[in-house]
Amino acid sequence: MKGVGKFGEVMGTGKGKVSYDEVAVRLEKIIGSGSDVKAITDFVCRELRKVPHYSWVGIYHVEGSDLVLQSWSGPFATEHTRIPLGQGICGAAVAARETIVVPDVRQDPRYLRCFLNTQSEVVVPILRDGEPLAEIDVDSDRLSAFTPTDRMFLEWVAQTLEPIL
Ligand code: SME
């Protein structure tokens with residue numbers, strides 16, 4: 001599936017307009033660049049954070065029975081750099097092997113708090129042959145921030161990243 005022209009929506013911000021398709025074009029280029037994997041995942045986090053309601057973006061790798069933070073972009077570092085697979089929304093998405101969207105983190109008992117401002121979260125596992133390799137975690141300072149377009153877009157990013165991980 002090609003990223004270009006797939007997602008349609010344009011988001012207006014104080015700084016101008018950002019479209020999912022423009023972000024997708026840049027992601028496709030860097031993911032296909034053959035660069036070092038860590039350099040690519042760092043870039044992906046930075047690029048995804050250009051989406052106005054993505055406040056913090058991280059990529060965790062599955063290592064044994066833990067999720068280990070590989071790359072992130074946001075105003076603050078998280079203390080949750082290693083999360084046991086049974087914990088958090090992060091652990092739940094890996095266990096379920098599917099995307100989890102949490103519209104209001106205060107209402108979800110699984111939620112592991114990282115940032116005071118986070119109100120909603122989405123976690124998208126990156127699967128290979130059905131098995132979780134890694135995941136993309138996005139926090140938003142807005143309530144109910146993540147739409148079906150966000151889910152489709154982030155699942156596309158996960159599928160595009162999978163072959164290089
Ligand atoms: N909130 C996550 C933990 C990771 S931080 O958001 C960076 C969770 O509940 O798993």
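Where is the place of Asp-104? I looked this up to open today's notebook, bearing in mind that the model is predicted.

**Entry 1: Asp-104**

I found Asp-104 in the loop that runs between strand 6 (100–102) and strand 7 (120–128). Is Asp-104 buried or exposed? Its relative accessibility is 16%, and because the cut-off for buried is under 20%, I noted Asp-104 as buried. Next I checked its side chain: a polar atom there lies 3.1 Å from the backbone nitrogen of Arg-106. Setting aside neighbours within four places in sequence, I listed Gln-119 and Leu-143 as the residues in contact with Asp-104.

**Entry 2: Thr-78**

I then turned to another loop residue, Thr-78, which sits between strand 4 (66–73) and strand 5 (82–84). With a relative accessible area of 8%, Thr-78 is buried. Which backbone nitrogen lies 2.9 Å from a polar atom of the Thr-78 side chain? I traced that nitrogen to His-80.

**Entry 3: helix 1 by itself**

Helix 1 covers residues 20–31. I counted 12 residues in helix 1, and the span from first C-alpha to last is 16 Å, close to the 16 Å expected at 1.5 Å a residue. Which residues of helix 1 are buried? My list reads Tyr-20, Asp-21, Val-23, Ala-24, Leu-27, Ile-30 and Ile-31. A reminder to myself: an α-helix has 3.6 residues a turn, so residues three or four places apart point the same way.

**Entry 4: helix 1 against helix 2**

Helix 2 (residues 37–48) packs on helix 1 at an angle of about 175°, and the axes are 10 Å apart. The two helices are therefore roughly antiparallel. From helix 1 I noted Val-23, Arg-26, Leu-27, Ile-30 and Ile-31, which meet Ile-40, Phe-43, Val-44, Glu-47 and Leu-48 of helix 2. Sorted by class, this contact has 8 nonpolar residues, 2 charged and no polar ones.

**Entry 5: helix 1 against helix 4**

How do helix 1 and helix 4 lie, roughly parallel or roughly antiparallel? Their axes come within 11 Å and cross at roughly 10°, helix 4 being residues 148–161, so I put the pair down as roughly parallel. On the helix 1 side, the contact is made by Tyr-20, Val-23, Ala-24, Leu-27, Glu-28 and Ile-31. On the helix 4 side I read off Thr-149, Asp-150, Phe-153, Trp-156, Val-157, Thr-160 and Leu-161. By class, I have 9 nonpolar, 2 polar and 2 charged residues here.

Definitions and conventions. Residues are numbered from 1 along each chain as its sequence is written. This is a predicted model: local features need pLDDT of at least 70, side-chain atom pairs count only at pLDDT 80 or more; totals for chains, interfaces and linings use all residues. Side-chain values use heavy atoms; hydrogens and water are left out. Axes are lines fitted to C-alpha atoms, for helices over the stretch in contact, and angles run from 0 to 180 degrees between N-to-C directions. Helices (H or I, at least four residues) and strands (E, at least two) are DSSP runs, numbered from the N terminus. Angles under 35 degrees count as roughly parallel, over 145 as roughly antiparallel, 65 to 115 as roughly perpendicular and the rest as oblique. Contact means heavy atoms within 4.5 Å. Ala, Val, Leu, Ile, Met, Phe, Trp, Tyr, Cys and Pro count as nonpolar, Asp, Glu, Lys and Arg as charged, and the others, Gly among them, as polar. Buried means under 20% relative accessible area, exposed over 50%, partly exposed in between (1.4 Å probe, protein chains only). A polar contact is a pair of N or O atoms within 3.5 Å; within protein, one must be able to donate a hydrogen and the other to accept it, and residues adjacent in sequence count only if both atoms are side-chain atoms. The expected span of a helix is 1.5 Å times one less than its number of residues.
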